[in-house]
Amino acid sequence: MNEKHNEKHNENHEELTRTVEPDAVKMGAGKRIISLIIAPAELMQNIKAHPAILVPFLMAVVIALIAVFPGVRIEEMYTRELSNISIERYGQDLFDMTALMGEYGEIPLEDVMGALTIVSHVAMAVVMPWVVVLITVVGIFILSKIMRGKARFGQLFSMYMHVYVIWILGGLVVASLMAATGSLLDMTSLAAIFARDGNFDQLSYNVLAGIAVFPIWCAVITFIGVKVLNEFCNVKAGIIAGLTFLGGLAVHVVTYMFIWWMYDFLYAAGML
């Protein structure tokens, strides 16, 4: 009787040990960063047991603050380019600052843009992770529940906060490349391949610019994450990752096309 009891106790102990190791062991910040890049599946298994939000958030903030330096340089490049651009649309030059200068005096545009870049980068570094991740995760969570996934909201939130780190890292890399080369063309996107001759219209260019290395990388990590956390098959995980990528692409295109659509709307309304 005692021998059977001991055998049963040993089996329970071994089973408990298997469930605790290694997935339930918390990752340190260093290992979490490394795993995000080279072993995302292992990281997602860890997130399943220990959802972490603070560490990836701080990582994203640090990267975003570093991006301020090339960001200021890029704003200077944009300002210089805009000063040489004259676009006649609706019978007026959309980049003509003469009227504003006549009303407010000379505008130190470069200084203003530089100051706004620093302030906006700092504000966005802290606020944007929560906004982007929350909106995205709500959509992923709804889709997951429709497909009968097992992931909790906190697990998905932790997962996508890590994905956001890759996204903001991409912003730093792209900004650094632009600042180093003096080119406003995103070298990591399809625009760098197909739009060099300048024959693309604005909408096509922005679509190509949104299909880039880092957004695709984010989609791959999202695929791995929802597959592990929801215990999905490849098809279900692929659907969610694909819809997330297309949603991000749509936001990118709308954001960059908004200024032109706004002018079209105002002109159609007779306000220009």
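The model is predicted, so local features need pLDDT of at least 70 and side-chain atom pairs count only at 80 or more, while totals for chains, interfaces and linings use all residues. Residues are numbered from 1 along each chain as its sequence is written, and side-chain values use heavy atoms, without hydrogens and water.

F153 in helix α8 pairs with F141 in helix α7, 12 residues apart (helices are DSSP runs of H or I, at least four residues, numbered from the N terminus). Their geometry is edge-to-face, 5.5 Å centre to centre with 80° between the planes (ring centres of Phe, Tyr and Trp, for Trp its six-membered ring, lie within 6.5 Å; planes under 30 degrees apart are stacked, over 60 edge-to-face, the rest tilted).

Now for the core. The largest nonpolar core has 38 residues (buried Ala, Val, Leu, Ile, Met, Phe, Trp, Tyr and Cys joined through side-chain atoms within 4.5 Å). Helix α8 gives the largest share of this core, 11 residues. Y160 is among the members that touch the most others, and beyond four places in sequence Y160 contacts V133, T136, V137, I140, T222 and T244 (heavy atoms within 4.5 Å).

Finally, look at Q155, also in helix α8 and buried at 4% relative accessibility. A polar atom of the Q155 side chain lies 2.7 Å from the backbone oxygen of K48.

How values were computed:
Buried < 20%, exposed > 50% of the residue type's maximum accessible area, 1.4 Å probe, protein only. Helix = DSSP H or I, 4+ residues; strand = E, 2+ residues; numbered from the N terminus. Polar contact = N/O pair within 3.5 Å; in protein donor to acceptor, adjacent residues only side chain to side chain.
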